[in-house]
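Please have the sequence and the 3D view at hand.

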Amino acid sequence: MFKRAALNTLITATALSLCGPAAAHHDATEWEVKRDRDGIVISTRSVEGSRHKMVRSEMTIPARLSAIVALLQDTEACKQLSELCRESRVLSGTPPTDLVVYTYNDLPWPVTDRVGVVRALWSQDPANGIVTMEAEIVPGHIEKENRTIRLENGTIVWRLTPLADGMVEVVQDSHVDPAGRTPAWLTNRLLVDAPFETLVAVREILASGRYAQSSYAFIDDELIASELMGGSTDADDNR
């Protein structure tokens, strides 16, 4: 069960973590679109107390909520969702809604590889059907590994909003302390290319039907959001 329930969410999050250190509060800066292509939008915005950016990735796809969750929790899809992922496994928790997950990301030389552990909580709002994954890096949860840098601070949020006609709006926000320096060429790639490529992979894998029959007791796949979300909400802005 744990092998199936590992969180590929951290694959993308760890990559995005290299974009800059996390801060306690976000400022009121508007999102700035960096790429809008093939139905996928990647945006960044300033974060109070940080000289780097927070990243938002979003798209709308035809899929069941349970299918998306199944993909994001499948260790076997790790390398398909990110070329950086070498390993992802569940350390502890109560699947599928409360997981402590380890991920090792193999970064291009000469950048030091990153390892991280997050606690991820999944839930669905019974009022509007929105499925949310909120993950926070767990500092000091693992012993120091040779030739790696351990991530110590950051948050990752996935929000899956069921719309009409079987469509789902997929949004990921990520802001994590990189716990070390990264060259500008890699930071720039991870700000836009890495999250874009991950959403492309998510869309293609789901279209294959591999997870079409997945189901979870905590998810009602028949719920549809009572109000279409055309932009960030107050809750988003304060996240």
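Among the contacts in the protein chain with a separation of 6 or more, 64% are between residues 24 or more positions apart; contact here means heavy atoms within 4.5 Å. This is a predicted model, in which local features need pLDDT of at least 70, side-chain atom pairs count only at pLDDT 80 or more, and totals for chains, interfaces and linings use all residues. Residues are numbered from 1 along each chain as its sequence is written, and side-chain values use heavy atoms, with hydrogens and water left out.

The protein chain has five helices and ten strands, taken as DSSP runs numbered from the N terminus (helices: H or I, at least four residues; strands: E, at least two). Of its 239 residues, 53% are buried. Buried means under 20% relative accessible area, exposed over 50%, and partly exposed in between (1.4 Å probe, protein chains only).

Let's turn to the strands. S1 (32–37) and S2 (40–46) form a hairpin with two residues between them, and Asp38 in the turn has a positive phi of about 55°. The two strands pair in the antiparallel sense over five bridges, where pairing requires at least two DSSP bridges between strands. Asp36 stands opposite Val41 in S2. On to S3 (residues 53–62), which runs antiparallel to S2 and is joined to S2 by seven bridges; here Arg45 stands opposite Met54. Six of the seven residues in S2 are buried.

Gly39 lies in the loop between S1 and S2. Leaving aside neighbours within four places in sequence, Gly39 is in contact with Glu58, Met59, Thr60 and Arg203.

What about helix H2 (residues 65–72): how many of its eight residues are buried? The count is eight of eight, including Leu65, Ile68 and Leu72.

Finally, the charged pairs. A search of the whole structure finds eight salt bridges, each a side-chain nitrogen of Lys or Arg within 4 Å of a carboxyl oxygen of Asp or Glu. Among them are these:

| Pair | N to O distance |
|---|---|
| Asp221 and Arg64 | 3.1 Å |
| Arg86 and Asp106 | 3.3 Å |
| Arg119 and Asp98 | 2.5 Å |

Arg119 in strand S6 and Asp98 in strand S5 are 21 residues apart. Arg119 is partly exposed, with a relative accessible area of 41%, whereas Asp98 counts as buried at 18%. Salt bridges that share partners join Arg86, Asp106 and Asp113 into one network.
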